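Here is a quick, friendly tour for anyone meeting this structure for the first time. Have the sequence and the 3D view open while you read.

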Amino acid sequence: MTNIIIQGICGRMGRALQEKIAARTDCRVVAGVDQTAGAAGAIPVYASLQDLPEGVRGVIIDFTGAAGAVAAADYAAAHGLPCVICSTGLSAGEEARLEAASEQVPVFRSANMSLGVNVLIELCKQAVTLFGGEFDIEIVEKHHHNKLDAPSGTALMIADAINTRAGGAYEYVYDRHEVRQPRGRQELGISAVRGGGIVGDHDVLFCGPEEVVTLSHRAQSRGVFADGAVQAALFVDGRAPGYYTMSDLLRGKLG
């Protein structure tokens, strides 16, 4: 049985996590952390990780934001706990803090916990290899109007995976409204749409001279991210210190 501590338990993703975990028999929530301390049903909720009783141990899942992600990684490293960091919008320095924590404890990091999105990324890498740089690539992401960061962390994950597979050949272009010249061959366009209650849509267009191949993912509810985070917690529980990603989890599924 894997014990789980949810940081941000009273938020939308925290509630989605509770629902997913309540339906399982291989894990349970033993504590929550949220500014609204008290209780979430039978689960005790504390105002910060530092307020957790010494005997409370488990995999920390964080869906709060950049500051909360760093706090979770630091606390996990100091107390010997695994952690799953799902927050987006982290700076390079904050990401480095997560990597430093992974030297002490297992840290599972992904800007998108959906298994489907991560399969999409693997397909995009294969497409880059097969098209051999002959197709222009554009990424279009759409999210709800309350999302703070743009482009999304997932769009950047996709772009980085493509660019790594291409040997760093691409330059990211985020806005063309002032550009008055033909598209460069080494451009990788990234566009963001914000509106309504869109949970998360990502389209990757491979545009050739006479054909277009589009790889797409649509998240229909936040449950897909919660489910991925739970699977990540189960995957990382009991592992050696290190920096783990969805690629590691997918490889484990493939055997």
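Glu138 counts as buried, at 14% relative accessibility (buried means under 20% relative accessible area, exposed over 50%, and partly exposed in between, with a 1.4 Å probe and protein chains only). Before going on, a word on the model: it is predicted, so local features need pLDDT of at least 70 and side-chain atom pairs count only at pLDDT 80 or more, while totals for chains, interfaces and linings use all residues. Residues are numbered from 1 along each chain as its sequence is written, and side-chain values use heavy atoms, with hydrogens and water left out.

So who does Glu138 meet? The side chain of Arg176 forms a salt bridge with Glu138, at 3.0 Å from N to O (a salt bridge is a side-chain nitrogen of Lys or Arg within 4 Å of a carboxyl oxygen of Asp or Glu). Arg176 sits in the loop between β9 (171-173) and β10 (187-194), and Glu138 in strand β8 (residues 136-143), so this pair ties together parts 38 residues apart in sequence. Helices (H or I, at least four residues) and strands (E, at least two) are DSSP runs, numbered from the N terminus.

Arg183 also meets Glu138 in a salt bridge, at 2.9 Å from N to O. That pair links distant parts of the chain, 45 residues apart, with Arg183 in the loop between β9 and β10 and Glu138 in strand β8. Arg176 is partly exposed at 32% relative accessibility, and Arg183 is partly exposed at 27%.

Which residue does Glu141 pair with in a salt bridge? Its partner is Arg194, at 2.8 Å from N to O. Glu141 lies in strand β8 and Arg194 in strand β10, so the two tie together parts 53 residues apart in sequence. Glu141 is buried, with a relative accessible area of 0%, whereas Arg194 is partly exposed at 27%.

Salt bridges that share partners join Asp136, Glu138, Arg176, Arg183 and Glu187 into one network. Across the whole structure, a search finds 13 salt bridges.

## Strand β11 and its neighbours

Five of the seven residues of strand β11 (residues 201-207) are buried, so the rest of the structure largely encloses this strand. On one pairing, β8 and β11 run antiparallel over seven bridges (two strands pair if DSSP finds at least two bridges between them). Asp136 has Cys207 in β11 as its bridge partner.

β11 also runs antiparallel to strand β12 (residues 212-218), joined by seven bridges. Val204, for example, is partnered with Leu215 in β12. A hairpin of four residues connects β11 to β12.

The largest pocket has a volume of about 790 Å³. On a 1 Å grid over the protein atoms alone, a pocket is an open set of points where a 1.4 Å probe fits, with protein on both sides within 12 Å along at least five of seven lines, and lining residues have an atom within 4 Å of a point. Its volume is the space filled by probe spheres set on the points, which are joined across faces, edges and corners. The largest pocket is lined by 30 residues, with Met13, Phe63, Thr88, His144 and Lys147 nearest its centre.

The second largest pocket holds about 640 Å³ of space. Of its 26 lining residues, Ala111, Gly153, Leu156, Met157 and Asp160 are closest to the centre. α5 gives the most to this lining, with seven residues.
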